[in-house]
Amino acid sequence: MTNEILFVTNKKEEKILRKKTALFDFKKFTAKEVRDLVTRMRKIMRAANGIGLSANQIGLDLRMFVAEIPDADGGTKFYSIFNPVVEKIDGEKKLLEEGCLSVPGKYGNVERATRVTVSGFDKYGKPVRIKAWGLLAHVFQHEIDHLNGIVFIDKAKQVFENDQAAPAKTEKK
């Protein structure tokens, strides 16, 4: 399943990854098609050991992403957000190490806001508004960047290979 993920190392695939995605139109999909899309993306993300996946990373020109983040109780919290918009950026900015399923073997420190408010729609087409902080805020910003054609290596302060020693994972700026 992970072979469905597009890579920046392939010029044709990179072109798709660097294009801003089209708004998701719920009228063009049945409820089952939307559920199936979310399920498929969740399976692909999990098979690749990811914590986020945008539709364009599997070649779909759709403005939506899925994310699954560890929660405080030792479980995970799953999100699927359609037509996401960062409404508010709050708090300090922090450098955190990022990787990407579309940029295998590379990591880098990216500065992002520690708190954001994201609005959009859930898989039923109902409006959602999520106040996110920490890792969740970081992941939401990473995935929304994808939907805007931006890959983390465009913003990373330093990019390093998987086998290189990583710089400090968090720094205040």
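This report walks through a predicted model, from its overall build to a few of its ring contacts.

## How to read the model

Residues are numbered from 1 along each chain as its sequence is written, and side-chain values use heavy atoms, with hydrogens and water left out. Because the model is predicted, local features need pLDDT of at least 70 and side-chain atom pairs count only at pLDDT 80 or more, while totals for chains, interfaces and linings use all residues.

The pLDDT is the predictor's confidence in each residue, from 0 to 100. The protein chain has a mean pLDDT of 92, and 92% of its residues reach 70 or more. Take care with residues 165-173, where pLDDT stays under 50. Where pLDDT is low, the predicted coordinates should not be read in detail.

## Overall build

The protein chain has 3 helices and 7 strands, in the order α-α-β-β-β-β-β-α-β-β from the N terminus. Helices (H or I, at least four residues) and strands (E, at least two) are DSSP runs, numbered from the N terminus. Of the 173 residues, 42% count as buried, meaning under 20% relative accessible area; exposed is over 50% and partly exposed in between (1.4 Å probe, protein chains only).

## A cluster of rings

A search of the whole structure turns up 8 aromatic pairs. Rings of Phe, Tyr and Trp (its six-membered ring) pair if their centres lie within 6.5 Å; planes under 30 degrees apart count as stacked, over 60 as edge-to-face and the rest as tilted. F24 and F29 are a stacked pair, 4.7 Å centre to centre with 15° between the planes. F24 is buried, at a relative accessible area of 4%, whereas F29 is partly exposed, at 27%.

F24 also meets F82: their ring centres are 4.7 Å apart and their planes stand at 65°, so this pair is edge-to-face. Since F24 lies in the loop between α1 (11-17) and α2 (31-47) and F82 in strand β3 (residues 76-99), the pair ties together parts that are 58 residues apart in sequence. Ring pairs link F24, F26, F29, F82 and F121 into a cluster.

## A strand hairpin

Strands β4 (residues 106-121) and β5 (residues 127-133) run antiparallel and are joined by 7 bridges; two strands pair if DSSP finds at least two bridges between them. Which residue in β5 is the bridge partner of V118? That partner is I130. The hairpin has 5 residues between its strands, and G125 takes a positive phi near 85° there.

Note on methods:
Contact means heavy atoms within 4.5 Å.
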